[in-house]
Amino acid sequence: MRVVIIGAGMAGSKLAEELAHNSNAEFTITLIGEEAKVGYNRIMLSSLLAQEIGDQDMPLVDLVKMQQTGVKILADDPVVAIANERKQVVLSSGRVVEYDKLVFATGSRANILPIEGAKADNVMGFRTWQDVNRMMALPVMQKVAVVGGGLLGLEAAVGLVKRGHQVTVFHRSGHLLNRQLDRAAASLLQTRLESMGIEFCLADSPTQFIHDESGLVCQLQHGDGQQRPVDLVIMAAGIVPETQLAEQAGLAVQKAILVDAQMTTSDADIYALGECCEFEQQTFGLVAPIWSQIKVLTQVLAGAVANFAIVPTPTKLKVSGINLFSVGKIQPDTQDACLVFADVGANHYRKLVVNDGLLVGAILYGNVADGSWYFQLIQNKTKVTDMLDRLIFGEAYCQSLVA
């Protein structure tokens, strides 16, 4: 079976590796990527930027081993057209590749907010190794604005400030990581990041980028009309699933490429997974569900029965020794019980949300050692009624009661 995978990022390259090494079925696999570098771990880009790791630490898969097992890797040559009726894809070079089964793993692109003046060469996303190389090449002491105080924005800010730049983070919400943290945990995080030299403009977003004579952004305007000088703008305000090719191919697309539980699109011979797909009105930006999708699709392509299902996924952030863990419900309703432990001096904070005897959400800042245990309690829907007085202190304090 000729399997062609469009996209050689984390999802596409991992699928190719799984099909080549861990499947009993016989496949001829072609992996096509638009970037010159393929098969690298995108999660490690922030660590690379912060100089915590080197280029040698970036590979996600063993490309040499994959090629030795027969996987064809076509890098720096993106697909530009798909002929469904002939089961062919056309590459930028003019090369035509035929398939029996086609997989979209096209990922996503940075969401460039529709701010006046945003179309400039020094306004960029933070998605690729090339983006990191560009940031690494900056002269020292540049004034950098990061738009977005989510996971990606904060990791970019830390990496840039560690490289000697003056970094300001703009975030529309009143506190950082507002989808993962409450205000108390976010305040601890902000204090720690400010001690590193990062400045924050919360409940604020640039309303205009002002260009110099060369067409580069040299000033940005705050929501209140004030202006500040800037040398580079990093857009970290979410991602947009890459669906252009899928739409051209006539596939059903809403927020992303629609798939069923077998990762099949509206074309029975075309599949999609990762950030470019949508299942049960949800899209996917975290690794855990994408790895599950790969496992399902590997089985489906081999002729087995498998189904993808959405399960709660924890969020972890680790930059420069800052540990955070968040899963499930973070803002309690009136019918929820809320357990809180805070030691500001030790930078330690925990918040647990319990509903009808079940743990439904957890936030940990500082000491996150019990995060996986709390996540397991949520997944298994374990009754915690008998351990409520000790639950906030973690697994060690509750083991005897659980037994």
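Modeller: A nonpolar core is a set of buried Ala, Val, Leu, Ile, Met, Phe, Trp, Tyr and Cys residues joined through side-chain atoms within 4.5 Å. Please note that this is a predicted model. Its largest nonpolar core has 55 residues, and helix H8 contributes the most to this core, with six residues.

Biologist: Which residues have the most contacts inside the largest core?

Modeller: Those are Ile-5, Ile-82, Val-89, Leu-102, Phe-104, Leu-273 and Leu-297. Beyond its neighbours within four places in sequence, Leu-273 touches Ala-11, Leu-15, Val-103, Phe-104, Ala-105, Met-263, Gln-293, Ile-294 and Leu-297. There is also a second, separate core of 40 residues, including Val-146, Leu-181, Ile-198 and Tyr-365.

Biologist: What makes Tyr-40 and Trp-129 an aromatic pair, and why is it called edge-to-face?

Modeller: The structure holds six aromatic pairs, and this is one of them. The ring centres are 5.3 Å apart and the limit is 6.5 Å, so the rings pair. The planes stand at 75°, and an angle over 60 degrees counts as edge-to-face, therefore the name applies.

Biologist: Where in the chain do the two partners lie?

Modeller: Tyr-40 is in the loop between strand E2 (28–32) and helix H2 (45–49), whereas Trp-129 belongs to helix H4 (residues 129–136).

Biologist: How do you know whether Tyr-40 and Trp-129 are buried or exposed?

Modeller: Buried means under 20% relative accessible area. Tyr-40 has 4% relative accessibility, so Tyr-40 counts as buried. Trp-129 has 8%, so Trp-129 is buried as well.

Biologist: Why is the pair of Phe-284 and Phe-308 called edge-to-face?

Modeller: Its planes are 80° apart, which is over 60 degrees, so the term holds; the centres lie 5.5 Å from each other. Phe-284 and Phe-308 are 24 residues apart in the chain, and both are buried. Together with Phe-279, they form one aromatic cluster.

Biologist: What makes Lys-37 a charge over the ring of Trp-129?

Modeller: Lys-37 lies over the face of Trp-129 at 4.3 Å from the ring centre, and the limit for that distance is 6 Å.

Biologist: Why are the buried residues of H4 said to be on the same side?

Modeller: The buried residues of H4 are Trp-129, Asp-131, Val-132 and Met-135. They cover an arc of only 155° around the axis, and therefore lie on the same side of H4. They pack against H2, strand E9 (123–124), helix H5 (151–162) and strand E16 (232–235).

Key
Residues are numbered from 1 along each chain as its sequence is written. This is a predicted model: local features need pLDDT of at least 70, side-chain atom pairs count only at pLDDT 80 or more; totals for chains, interfaces and linings use all residues. Side-chain values use heavy atoms; hydrogens and water are left out. Rings of Phe, Tyr and Trp (its six-membered ring) pair if their centres lie within 6.5 Å; planes under 30 degrees apart count as stacked, over 60 as edge-to-face and the rest as tilted. Helices (H or I, at least four residues) and strands (E, at least two) are DSSP runs, numbered from the N terminus. Buried means under 20% relative accessible area, exposed over 50%, partly exposed in between (1.4 Å probe, protein chains only). A charge sits over a ring if NZ of Lys or CZ of Arg is within 6 Å of the ring centre and within 35 degrees of the ring normal. The arc is that of the directions from the helix axis to the C-beta atoms. Contact means heavy atoms within 4.5 Å.
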